[in-house]
Amino acid sequence: MTENSIQAMKITNNFKCPRCGHIRTYTGLPGEHRIVTCSSCGVQGKVTIPGVAVPISTNGSAIVISHLKKVFGDFAAVDDISFSVKKGEIFGLLGPNGAGKSTIIRMLCTLSRPTKGSATVASYDIVKQDGKVRQHIGLVSEKMIMYDQLTARENLKLFGKLYNIPNHLLNTRIDELLGFVRMEKWADHRIDTFSTGMKQRINVIRALVNEPNILFLDEPTLGLDPQSTAEIRELIRRINAENGTTIILTTHIMVEADILCKRIGIIDHGKIVALDTPANLKKLVSGTDATAFEIEISNLEPRMMSSLQSQSPVKSLVQVDPTHLIVRANGSDAFDNIIDNLRNSGAKVRMVKNLEPTLEDVFLHLTGREAREKVSENGGSQKRGFGPHGQRRKTARVR
Amino acid sequence: MLVLMPLFMMVVVGFIFPSGSSISDTPIALANLDNGSMGTSFITQLNAINNKTGMMELSTAKDFDDMKKMLQNNEINGGIIISENFSSNLLAGKQGYITIVIDQSNPQMSVTIQGVLSKTIESMGEQTAIHQLNIKYNVSTTQATSMVKPYTVQSQGIIAGEPNYFQFVAPGIIAMVVMMALMTGLPHAISYEKDIGTLDGMLAAPINRLSIILGKVMAQTIRGMIQGFIILILAVVLFGVVIEGNILLVVFLILLTVFSFVGLGILITSFTENEETATMVMMTLMFPMMFLSGVFFPLQQMPWYMQGIAHFLPLTYATTALRKVMVLGADIPAVGTEILILVGFGIVLLLIAVPMFKRAMSR
């Protein structure tokens with residue numbers, strides 16, 4: 001949605017100054033509270049714009065962000081960002097720590113007021129209709145929103161009560177949610193007796209207690225062990241698939257964004273530097289649809305290379321050292337063709353490695369530097385990428 | 001802050017401590033129940049001395065009950081009563097009785113007043129004795145005492161019992177504990193929730209932001225009340241403090257104290273990012289209040305500028321009101337001024353604090 005359609009929603013009304021009787025007009029969204037200053041004597045009056053808060057038409061978008069900006073002192077944490085998130089998609093905000101991801105989430109969750117710009121979440125304005133926004137969102141923030149001294153059920157009940165859900169509905173809902181994450185038998189145990197992974201499972205379903213249309217996940221796998229990380233990622237997928245919940249996810253883990261998100265916005269220094277599907281983002285690096293393979297052949301001969309080069313899917317071929325080749329090829333059967341060709345020419349293939357660019361390469365390509373790492377997960381990337389200029393570099397420190 | 005705090009404390013404690021055992025311009029009521037000439041001449045004599053030393057500001061009271069009212073209303077610090085048959089006793093060659101009325105709710109002050117007044121009246125008596133011996137030369141032994149010491153000074157509290165420091169200090173401590181519960185509890189509760197992350201969960205839910213702080217206020221009020229009552233019970237059981245006034249009025253005053261401090265607590269909560277800053281700001285505010293509000297030392301014995309500061313602290317009024325009701329058995333009209341001032345403090349602070357809090361929550 002554009003600024004224009006927000007304009008169209010606005011209602012024009014008259015304000016009569018209580019002191020001098022001067023009448024001025026003002027505009028605003030229905031149900032909005034505003035302070036109007038008399039243009040003739042400067043007296044301020046509080047007005048409520050008539051009508052009930054009505055959803056703003058957003059053409060199937062769950063979130064529309066328009067020129068959003070947040071400044072702390074003279075530091076712009078979020079710098080003029082605009083994008084929209086479609087209903088039912090998992091949208092990833094990817095970037096290093098301090099890039100502004102959390103600030104965006106906080107503004108969208110009405111926890112922080114934008115310095116400039118506007119946004120609608122679930123068709124409601126985040127500043128003017130913040131109460132409505134809150135009814136339709138769930139939040140999993142970096143810190144777990146739970147009381148350690150309470151049991152899982154008590155926590156769910158407490159936060160459910162904030163949404164004014166009648167008891168009988170809330171109780172069934174809690175049982176459903178506990179079943180959803182297979183935590184029924186832990187329902188009446190205190191949170192502080194749980195492992196981090198169990199805590200996070202409860203924390204995620206806590207955000208679902210009001211059946212939100214939009215779920216915000218701020219670094220949901222931060223500090224979890226690999227097994228719990230996998231569990232939470234699976235949970236996120238199921239929430240999206242089974243309930244059709246729109247999910248906004250922030251992460252600094254590239255692999256996570258790659259495997260979970262339909263679309264990814266890459267953020268650096270408060271700005272969106274790229275926004276697309278993971279596949280399209282990777283194309284930014286390779287520039288083509290070609291896939292690169294690294295092949296090690298123990299008895300490499302020039303004859304084999306010229307035979308390979310004559311294959312139609314092969315776009316380029318570079319010999320790195322006496323036994324290593326880098327081959328770029330197009331098409332889905334490129335790999336088969338290359339292997340067949342090499343077998344026919346009697347090559348002894350010792351190793352083949354797919355050098356498809358990763359999101360790390362995308363990030364490096366876009367920002368010219370590696371994303372800063374935060375220790376959170378075991379093991380590094382299995383893939384080794386090639387930079388934009390085809391030079392081998394050491395494994396990116398970001399997963 | 002590290003250096004300033006102890007320095008500040010020293011200065012505060014040093015200044016509020018009673019600076020001497022003399023009194024000056026202390027409001028004292030005088031009741032003359034005697035209808036003879038001797039009473040009048042006693043007053044003339046007292047006035048003459050007072051004009052020279054300026055230690056009292058004399059006013060007139062009808063009788064003991066009138067004086068009690070004046071004490072409860074804080075109009076006077078003590079009183080002198082000339083007994084009914086003062087003249088006739090003296091003329092009959094007996095001792096004339098003078099009663100010094102003291103205020104048990106303020107033991108330090110009453111001890112000072114009692115000391116100074118006794119000394120003054122004794123010396124007045126001696127003067128009279130010399131005068132009389134000059135006139136009447138021939139005196140019998142039974143008349144000797146009445147000539148050398150014609151006046152007997154006794155003191156009477158407005159309630160039964162001796163002045164007791166704990167009696168004086170207990171009401172103030174109750175008010176202080178309630179204040180501390182709110183001022184420490186409120187910022188702590190909010191910054192704790194901020195720290196563990198649960199505050200975000202509440203702020204992201206469709207509830208009024210004020211209900212968050214209201215819930216905290218209620219919890220801290222109950223905590224403060226419980227602590228206040230524990231002190232009250234300890235004071236009664238262990239230290240023999242007698243509650244003279246209506247216990248319901250005491251409870252009401254404690255609640256009113258809470259109300260007057262809620263705004264301040266919310267204000268600190270809104271201003272401070274984390275618990276450490278909150279604790280520091282709170283300490284800086286609380287310590288002067290504790291010492292300047294007459295909790296431990298009577299206001300009347302502080303230098304005038306410290307007394308001036310005390311008038312801007314709600315704790316001063318809370319302490320005074322509680323003390324009047326608990327020790328002197330005052331009723332609502334007697335503490336009306338304090339009640340109004342506390343309500344005023346509460347409303348003004350809340351009017352400032354609530355918008356601040358709302359703004360702070362959507363930073």
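I count two residues as in contact if their C-beta atoms, placed from the backbone, lie within 7 Å. The model is predicted, and I note that local features need pLDDT of at least 70 and side-chain atom pairs count only at pLDDT 80 or more, whereas totals for chains, interfaces and linings use all residues. Residues are numbered from 1 along each chain as its sequence is written, with chains lettered from A and ligands numbered from 1 in the order in which they are written.

Entry on the chain contact. I looked up where the chains meet and found 13 residues of chain B in contact with 19 residues of chain A. On the chain B side, helix α8 (residues 198–203) gives the most, with five residues; helices (H or I, at least four residues) and strands (E, at least two) are DSSP runs, numbered from the N terminus. By class I find seven nonpolar, four polar and two charged residues on that side of chain B, where Ala, Val, Leu, Ile, Met, Phe, Trp, Tyr, Cys and Pro count as nonpolar, Asp, Glu, Lys and Arg as charged, and the others, Gly among them, as polar.

Entry on the four-stranded sheet. I also found four strands of chain A in an open antiparallel sheet, in the order β16-β17-β15-β18, with β16 (314–321) and β18 (349–354) of chain A as the edge strands, each pairing on one side only. Here β15 (residues 291–297) and β17 (residues 324–329) of chain A pair in the antiparallel sense over six bridges, and E294(A) stands opposite I326(A) in β17(A).

Entry on a helix pair. In chain B, the axes of α7 (residues 165–196) and α13 (residues 314–328) come within 8 Å and cross at roughly 135 degrees; axes are lines fitted to C-alpha atoms, for helices over the stretch in contact, and angles run from 0 to 180 degrees between N-to-C directions.

Definitions and conventions: Pairing = 2+ DSSP bridges.
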